[in-house]
Amino acid sequence: MHIQVGARTDLGRKRGNNEDSFKLVPELNLFILSDGMGGEAHGEIASNIAVETIAAHCSEGVKNKSVPLLAEARPELTEKTNRLVSAIHAANHEIYDSAVKHPAQRGMGATVVSIWLNETRLSVAHVGDSRCYLLRAGELLQLTQDHSLVAEQLRRGIITREQAEKSDMQSVLIRALGIEPDVQVDADEQLLMDGDILVLCSDGLSRMVSDVEIASTLLTAPEMQGAAERLVELANEYGGEDNVSVVLVKVEPTPAGFFWRLWRWLNKPLNS
Amino acid sequence: MPKLVLKFEAAVLKEVPVGAQPVTIGRAPDNDVQIDNLAVSSHHAKVYAEESRLVIEDLNSLNGTFVNNQRVQRVTLKQSDQILIGKHHLVVDMGGTVEAPAIPERKVSAPKVEETMVLDTKKRKELLAQAMGAAGAATTGQEKTQQLADGKPPRQRFASLVLVSGSTDQREYLLSGKLAVIGKSEMATIKLRGWFKPKAAAQISKRDDGYYIGPADKTPTVNGAPVSHPTKLNEGDLIEVAGVRLNFVYKD
């Protein structure tokens, strides 16, 4: 499959350091973004551990399918999705263990959102309030549910949308990596179609820039790197309250003409 | 402490305590009781405690405020009085004593949190439980099948697709996966046979409340009607796409 990638991370306007990390693994079609938390530079350490561990665990799993999964395989999900979930559990353990070994790091944690593309199938797995969006046919869809207290209260009907938007507690999470020895990972699978644009972003983007503006920026940008930079610029223009990171992955349309398909068919090995 | 019971016809929507602060009623979102109805003015009326009495005052609303079917500007309320605003009723419940009403806890009080904080399991349960208490009686609307904070979704039945006509790799497919793709791709669940079949003709997602069919490269029809957005499938539905017909059935 052909993809076009754009990515950018920025300090923002108010913070002293950047605790966001992202990792692009285009040879595997795997993309990971993480937003760290914790005093000193611990947020950076946590988000870095998260993206590196996930990439390593998935790589290993591809090379050697018999590497055991760290969480019970969910039968309704494919192997790749289960592997991605397992990788996130691995990251949780690594961050938690690091804090146990280095007491100064206690309380450090990270969110994570990750996608793994596989032809017509997209695996999405996440913990926390970093998001994955899908832009398709001009419409921006949020694929992940935020694991924040406010989002949970809204889902349960405890508060209204207006109250949620005005809430003082928007950065209080109910799930994150590294905080407890075990973590609940949300995972889903979606169909992938030509022309789809996937967006991974930390809350530094989603809190500053509205969904409508994210969509219009993507629809008017000629290429993904420019779009990623423009989104970060917008977040800073609107205040840059937090570190802001975005990863964009566009599924390029493959040539669909008859002769191209005929050529492919003629070139397939005889026994496949 | 006195309270107003907001009702729409027979349904109790909300109970609003009236304490030291006045309770505002109207269509605008900044009201304590927001009634989203065109017959209600944006700031329609307010109810407040005055000395030991409960008073309702109309805020120059267009359609008026009625107590026991009489239009009022400003009156004292008593037990069981029926206030009518638009089509909504508020019934007065004096709640025993009217003296010194306590300040109602309308919001979950918490300090403003600048840095990201994570709640551990115990704190999370406490905070969500506390918030539910402060919100008062259940709001109207459909009964959501809510999961517990870390509970598992309820047990699900699996459905199957049975081939009715067309050419695929199997005669029947158990939809045990979260995503089923009908198409020619290697990754497809229901693999189409034949020339020029699309990589992904249609998709079926398994969600907590059932199976939803949606378009991909083609627009499928369900019982003859085209489906342009993910649509819930029902027992017995006939799906047609890319020259293939499949019957959607639940298996026990």
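Two strands are said to pair if DSSP finds at least two bridges between them. Strands (E, at least two residues) and helices (H or I, at least four residues) are DSSP runs, numbered from the N terminus.

This is a predicted model, in which local features need pLDDT of at least 70 and side-chain atom pairs count only at pLDDT 80 or more, while totals for chains, interfaces and linings use all residues. Residues are numbered from 1 along each chain as its sequence is written, and chains are lettered from A and ligands numbered from 1 in the order in which they are written.

**Strand pairing**

In chain A, strand β2(A) runs antiparallel to strand β3(A), and six bridges join the two. Within this pair, Phe22(A) has Leu33(A) in β3(A) as its bridge partner. The two strands form a hairpin with four residues between them, and Asn29(A) in the turn has a positive phi of about 60 degrees.

Chain B has 23 strands and one helix.

| Strand pair | Sense | Bridges |
|---|---|---|
| β2 (20-25) and β3 (30-37) of chain A | antiparallel | six bridges |
| β13 (159-165) of chain B and β14(B) | antiparallel | four bridges |
| β8 (172-173) of chain A and β12(B) | parallel | two bridges |

**The contact between the chains**

Two residues are in contact if their C-beta atoms, placed from the backbone, lie within 7 Å. The contact between the chains takes 31 residues from chain A and 35 residues from chain B. On the side of chain B that touches chain A, the elements giving two or more residues are β12 (117-118), α1 (121-135), β15 (179-183) and β17 (202-207). Helix α1(B) gives the largest share, six residues.

For classes, Ala, Val, Leu, Ile, Met, Phe, Trp, Tyr, Cys and Pro count as nonpolar, Asp, Glu, Lys and Arg as charged, and the others, Gly among them, as polar. By class, this side of chain B has 17 nonpolar, ten charged and eight polar residues. Strand β12(B) also pairs with a strand of chain A: Met117(B) is the bridge partner of Val172(A).

**Two helices of chain A**

Helix α6 (residues 211-220) and helix α7 (residues 224-237) of chain A pack at an angle of about 150 degrees, with their axes 9 Å apart. Helix α6(A) is therefore roughly antiparallel to α7(A), a term for angles over 145 degrees. Axes here are lines fitted to C-alpha atoms, for helices over the stretch in contact, and angles run from 0 to 180 degrees between N-to-C directions.

Glu213(A), Ile214(A), Thr217(A) and Leu218(A) in α6(A) meet Ala227(A), Arg230(A), Leu231(A) and Leu234(A) in α7(A). This contact has five nonpolar, one polar and two charged residues.

His88(B) lies in strand β11 (residues 88-93) of chain B. A residue is buried if 20 or more other C-beta atoms, placed from the backbone, lie within 10 Å of its own, exposed if 12 or fewer, and partly exposed in between. His88(B) is partly exposed because 19 other C-beta atoms lie within 10 Å. Of the 252 residues of chain B, 29% count as buried.

Leaving aside neighbours within four places in sequence, His88(B) is in contact with Leu6(B), Lys7(B), Phe8(B), Ile35(B) and Asn37(B). His88(B) and Ala39(B) are 49 residues apart in sequence and 9.8 Å apart in space, C-alpha to C-alpha.

Terms used. Parallel < 35°, antiparallel > 145°, perpendicular 65-115°, else oblique.
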